[in-house]
Amino acid sequence: MSAYVETLIQRQLERDRLHELIEDAETEHGSVDQAAVDAKRAILRGDAAGSADAA
């Protein structure tokens, strides 16, 4: 049980650190363009329509 709880705590700490990194990056570089994020996700997923839009 304690190993399970430790894993959950570690995962949450990683998420918290990631959130802090994102906030720092947005402070330095501005907000993320959601359309650009969606286009990149489409490329990574191999979505042909999204790939054409991102090009």
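Reply: One term before we start: buried means under 20% relative accessible area, exposed over 50%, and partly exposed in between (1.4 Å probe, protein chains only). This is a predicted model, in which local features need pLDDT of at least 70, side-chain atom pairs count only at pLDDT 80 or more, and totals for chains, interfaces and linings use all residues. Residues are numbered from 1 along each chain as its sequence is written, and side-chain values use heavy atoms, with hydrogens and water left out.

Me: Is Glu-28 buried or exposed?

Reply: Glu-28 is exposed, because its relative accessible area is 64%. Glu-28 sits in helix α1, which covers residues 2-29. Helices here are DSSP runs of H or I with at least four residues, strands are runs of E with at least two, and both are numbered from the N terminus.

Me: Which elements does the chain have?

Reply: There are 3 helices and 0 strands, in the order α-α-α from the N terminus.

Me: And which has the lowest mean pLDDT?

Reply: Helix α3 (residues 48-54), at 53, while α1 has the highest at 96. pLDDT is the predictor's confidence in each residue, from 0 to 100. The chain average is 89, and 85% of the residues score at least 70. Where pLDDT is low, the predicted coordinates should not be read in detail.

Me: New topic. What share of the residues counts as buried?

Reply: Of the 55 residues, 5% count as buried.

Me: What about Val-5, where is that?

Reply: Val-5 also lies in helix α1. Val-5 counts as partly exposed because its relative accessibility is 35%.
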